[in-house]
Amino acid sequence: MKKISLAITMCLAFSLTCMAQRTMPQALQKLLNAEYAISTLYVDSVNEDKLIEDAIRGMLESLDPHSSYTDAKETKELEEPLQGEFSGVGIQFNLNQDTLYVIQTVPGGPSERVGILAGDRIITVNDTVIAGVKMKNIDIQKRLRGKKGTQVTVKVLRPGVKEPITFRITRDNIPLHSIDAQYMLDDKTAYLRISRFGAKTHEEMMDALKSLKKQGMTQLIMDLGDNGGGYLNAAIDMCNEFLERGQLMVYTEGDNAPRNDATANGWGDYKDLPMVVIVNQYSASAAEIFAGAMQDWDRAVVVGRRTFGKGLVQRPFKFEDGSMMRLTVARYYTPSGRCIQKPYKRGDKKSYEKELYDRYNEGEYYSLDSIQFNDSLRYTTLINHRTIYGGGGVMPDVFVPVDTSEYSTYYRDLTAKGITNQYVIGYVDKNRKTISKQFPTVKEFDNGFVVTDGMMRDFIAMGEKDSVKYDEEKYRTSENMLKAIIKGLIARDVYSDPGAYSVIINHRNPDVQAAYNVLNDRDRYNRLLLEGNPEYERLVKKH
């Protein structure tokens, strides 16, 4: 009987193959036949859905480094930060010694509405203990997030209150902002930091610029450092605000995708605003599109380090089960014709991911002399005909090395153990009201608050309790940086302004300082846009 069933199965498979041969390419027939044989004849039971998913992943892994497949759950997590909102309880938190510590609540959000305060410790979520059980950050997020309108019950320990307090929170949509910080560095210089290119980034940027203009902005530092990109259309909408009518912003093209140009409509409000754009090795994709367009049109001076080098365009293909395949269909090019994509070998994702580490080992982050430009990849800007280079990432007009002068292994160990956050959480617990009363605004705090030697002694002692041995010499090397970070974290925890940390720490950020110096030396600013960086000529490798 089993032999008869097997024979029928094989005959059916053969019949299907014959029918398929008339309508399908041979390669596809082969794939379907293999899947059918495995799912029906394999010695053990198999999960057919997983079999198909593994096949898709395998095909994509043999292509470029950015084509990928995500299941329904992974797809939702991938898209959430770019959509501009998610449903949850509306808190920003830190994990301190396995306890969830509320840094701040979202203004007007669900947690603020029920009375949760900064400094509260959430110990249970829906009767599940999350304190002291070494629960991962992502697992806590899953318990707090949920469908809009659903309820979650939490128990909270509050300093000065003996018994835990129970709150029932109704989840709601929580905005995810693209703007990390916006403020005036002086009476004319505005600073704007954008962390991602999402669905609402252009709208947020316009609101921020409008606010900054009212405060006196006549020149702008646009910080795209560490910005990994996002939606192409968000970058196009942003470029449109700074370029003249008819100027090309970006174009895409592939073997199976005809050239598609995006040009400015000329309706932008900030076409004449002097601007410096900050980038670094983690600025990628849409961030490179914006920086490349500004550089190609001699519209802004670009400052920092060579960008990541992601110039491949992915088209999403969503499946009925919520999963998604992101397939590379084209390359994008800056207006001058540069392809920003760095070199890669098909199927060799490991080497591709290691490339940033190779740059580090070769000294590119620290020394301009370690960089070489290939003369064959020379391009020119479109108005002033300055020399620029392609071949992988956007090379800034002004190179800023990573500053390691204050780095030490003592600083590294304190950071790795989380001592800085632990200290700040404890300090703010005891002094939040005093700080808020003495310094009502972030600006007043920045100008008046001092991290004292006594505070640092307590900080050092906390480190020693957690096996971070004090080293006088290494401490002195990192002392000023540690004080700046502690001050910045205190500001972040005390004030509801999400940019409070940046206000404090940017005094020491070499990229921001370089951008500020260029923008406020108008002769140098104009010379860079007219003539380019003469230092780069000695780095050209002739072919």
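Which residues in α11 meet which residues in α15? The second legend below gives the pairing partners.

**Figure 1. The whole protein, as a predicted model.** Local features need pLDDT of at least 70, side-chain atom pairs count only at pLDDT 80 or more, and totals for chains, interfaces and linings use all residues. Residues are numbered from 1 along each chain as its sequence is written, and side-chain values use heavy atoms, with hydrogens and water left out. The protein holds 18 helices and 23 strands. Helices (H or I, at least four residues) and strands (E, at least two) are DSSP runs, numbered from the N terminus. Along the principal axes, the C-alpha atoms fill a box of roughly 85 × 70 × 50 Å. Of the 543 residues, 47% are buried (under 20% relative accessible area, with a 1.4 Å probe and protein chains only). Among contacts with a separation of 6 or more, 70% link residues 24 or more positions apart. Contact means heavy atoms within 4.5 Å.

**Figure 2. Helix α11 against helix α15.** Helix α11 spans residues 409-416 and helix α15 spans residues 472-494. They pack at an angle of about 45°, with axes 8 Å apart. Axes are lines fitted to C-alpha atoms over the stretch in contact, and angles run from 0 to 180 degrees between N-to-C directions. The two helices are therefore oblique to each other; oblique is what remains after under 35 degrees (roughly parallel), over 145 (roughly antiparallel) and 65 to 115 (roughly perpendicular). From α11, T409, Y410, Y411 and L414 meet K474, Y475, S478, M481, L482 and I485 of α15. Seven residues of this contact are nonpolar, two polar and one charged. Nonpolar covers Ala, Val, Leu, Ile, Met, Phe, Trp, Tyr, Cys and Pro; charged covers Asp, Glu, Lys and Arg; the others, Gly among them, are polar.

**Figure 3. Strand β5 and its partners β4 and β7.** Five of the five residues of β5 (residues 121-125) are buried, so the strand is largely enclosed by the rest of the structure. Strand β4 (residues 99-105) pairs with β5 in the antiparallel sense over two bridges. Pairing requires at least two DSSP bridges between two strands. Y101 stands opposite R121. Strand β7 (residues 151-157) also runs antiparallel to β5, joined by four bridges. In β7, L157 is the bridge partner of R121.

**Figure 4. The hairpin of β5 and β6.** Strand β6 (residues 128-129) runs antiparallel to β5, with two bridges joining them. T124 has V129 in β6 as its bridge partner. Two residues lie between the strands, and N126 in the turn has a positive phi of about 50°.

Conventions: Buried means under 20% relative accessible area, exposed over 50%, partly exposed in between (1.4 Å probe, protein chains only).
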